[in-house]
Amino acid sequence: MTEDPVALDDWYPVADAVPAGQGPAGRGPADAFTTRLLGHPLRVAFAGRRARITALRGDGHELRELPVTERFGLVWTTLGRPAKEVYDLPEAHEAGRRYVRCGWVTLRTSAPRIVENFLDMAHFPFVHPGVLGSEPWTEVADYEAEIRRDVDEVWATNCKFFQPRVAVTESDGAYASLTYRVPSPFQVMLYRVCPTAPERLDAILLAVHPVDEHRCRAQPVEYLVDDDSSDNALLSFEQAIFLQDRFIVENQRPLSLPLSPGEEIPVRADNASMTYRRWLREKKLKFGVIA
């Protein structure tokens with residue numbers, strides 16, 4: 001169990017919220033489950049449409065009730081005292097967007113490794129051939145990466161990469177315009193110019209629940225501009241990509257993310273990763289990293 005205050009003083013998704021279409025009764029005691037967060041045991045229970053989360057002792061007895069909030073169709077909690085609420089995603093409030101919750105996947109790795117993999121465009125042609133990338137289009141063009149001090153987030157902008165299939169609705173290749181956002185150390189998201197509505201952005205969040213230092217649950221949550229694709233098509237497209245990433249990220253060594261310069265040799269394409277690592281060093285994060 002970690003005592004790292006940087007990790008403890010943040011919000012984490014741990015469960016799906018009651019689906020919007022479910023009746024007012026919601027869920028009950030039969031739906032309760034135990035899990036861990038940052039190595040600390042938890043119990044997640046439901047009373048109607050409300051989630052109740054309690055921290056547990058090792059023997060299963062309750063210690064205290066934890067704060068709970070809902071955002072993006074997920075239940076979030078914290079073991080510490082966050083300085084701010086769960087970050088906002090304006091696209092989540094827009095009418096006419098498709099909301100797709102893709103399901104939890106367990107990964108044997110650290111949360112920072114998951115975030116860094118999400119930021120990495122260079123792996124597209126080799127891990128997602130024929131979809132997010134393809135040879136010989138392997139070059140990562142220059143882009144901007146920065147720590148936005150006013151909001152304490154990492155952003156990578158002006159990213160472009162050739163993708164054979166930029167979305168479920170597309171079958172022809174094109175250069176995708178991408179923006180990455182890291183709103184908190186273990187959460188990451190992507191904005192993508194919508195191919196069918198270039199004036200709008202698709203928004204894809206990868207919500208990460210760090211169960212232990214080297215075991216996580218994660219799921220993509222999407223807010224898309226797409227009136228044509230079926231829910232199954234959207235879900236299958238995203239799950240196929242995520243499961244390809246799972247194989248790669250689980251085989252990275254060490255499982256914790258090294259933060260010291262020189263531990264792993266960066267190249268120009270790793271601008272976002274290097275900025276993310278520098279941000280974590282500045283925060284003095286200890287959980288899931290090699291400081």
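## Overall make-up

Of the 291 residues in the chain, 53% are buried (under 20% relative accessible area with a 1.4 Å probe, protein chains only; exposed means over 50%, partly exposed in between). This is a predicted model, in which local features need pLDDT of at least 70, side-chain atom pairs count only at pLDDT 80 or more, and totals for chains, interfaces and linings use all residues. Residues are numbered from 1 along each chain as its sequence is written, and side-chain values use heavy atoms, with hydrogens and water left out.

The secondary structure comes to 5 helices and 17 strands (DSSP runs numbered from the N terminus: helices are H or I with at least four residues, strands are E with at least two). Take the contacts between residues at least 6 apart in sequence: 63% of them join residues at least 24 apart. Contact here means heavy atoms within 4.5 Å.

## Helix α2: an enclosed helix

Helix α2 is largely enclosed by the rest of the structure, because 9 of its 9 residues are buried. They are Ala 111, Pro 112, Arg 113, Ile 114, Val 115, Glu 116, Asn 117, Phe 118 and Leu 119. Charged side chains are on that list, including Arg 113 and Glu 116.

Ser 110 sits in the loop between β9 (105-107) and α2. Its relative accessibility is 0%, so Ser 110 counts as buried. A polar atom of the Ser 110 side chain lies 3.5 Å from the backbone oxygen of Gly 288. That is a polar contact (a pair of N or O atoms within 3.5 Å; within protein, one must be able to donate a hydrogen and the other to accept it, and residues adjacent in sequence count only if both atoms are side-chain atoms). Leaving aside neighbours within four places in sequence, Ser 110 touches Glu 213, His 214, Cys 216, Leu 255, Ser 256, Leu 257 and Gly 288.

Two packed helices are described by the angle between their axes and the distance between the axes. The axes are lines fitted to C-alpha atoms, for helices over the stretch in contact, and angles run from 0 to 180 degrees between N-to-C directions. The axes of α2 (residues 111-119) and α4 (residues 231-250) come within 10 Å and cross at roughly 125°. That makes α2 oblique to α4 (under 35 degrees is roughly parallel, over 145 roughly antiparallel, 65 to 115 roughly perpendicular, the rest oblique). Arg 113, Ile 114 and Asn 117 of α2 meet Asp 245, Ile 248 and Val 249 of α4. By class, this contact has 3 nonpolar, 1 polar and 2 charged residues (Ala, Val, Leu, Ile, Met, Phe, Trp, Tyr, Cys and Pro are nonpolar; Asp, Glu, Lys and Arg are charged; the others, Gly among them, are polar).

With α5, the angle is about 150° and the axes are 9 Å apart. The two helices are therefore roughly antiparallel to each other. Pro 112, Arg 113, Val 115, Glu 116 and Leu 119 of α2 meet Ala 272, Ser 273, Tyr 276, Arg 277 and Leu 280 of α5. That contact divides into 6 nonpolar, 1 polar and 3 charged residues.

Arg 181 lies in strand β12 (residues 174-184). Arg 181 is buried, because its relative accessible area is 7%. Its side chain reaches the backbone oxygen of Asp 88 at 3.0 Å. Beyond four places in sequence, Arg 181 touches Tyr 87, Asp 88, Leu 89, Glu 153, Val 154, Trp 155, Val 188, Met 189 and Tyr 191. The C-alpha atoms of Arg 181 and Ala 272 are separated by 9.7 Å, though 91 residues apart along the chain.

Gln 187 is in strand β13 (residues 187-194). At 1% relative accessibility, Gln 187 counts as buried. A polar atom of the Gln 187 side chain lies 2.9 Å from the backbone oxygen of Val 208. Not counting residues up to four places away, the contacts of Gln 187 include Trp 11, Trp 76, Val 115 and Leu 206.

## Backbone exceptions

Most residues other than glycine have a negative phi, and most peptide bonds are trans. Asp 152 has a positive phi, near 55°. Asp 152 lies in the loop between β10 (144-148) and β11 (153-163) and is partly exposed at 30% relative accessibility. Lys 284 has a positive phi near 65°. Lys 284 lies in the loop between α5 (271-283) and β17 (289-290) and is exposed at 57%.

A cis peptide bond joins Arg 253 and Pro 254, with omega about -5°. Pro 254 is in the loop between α4 and β16 (257-258).
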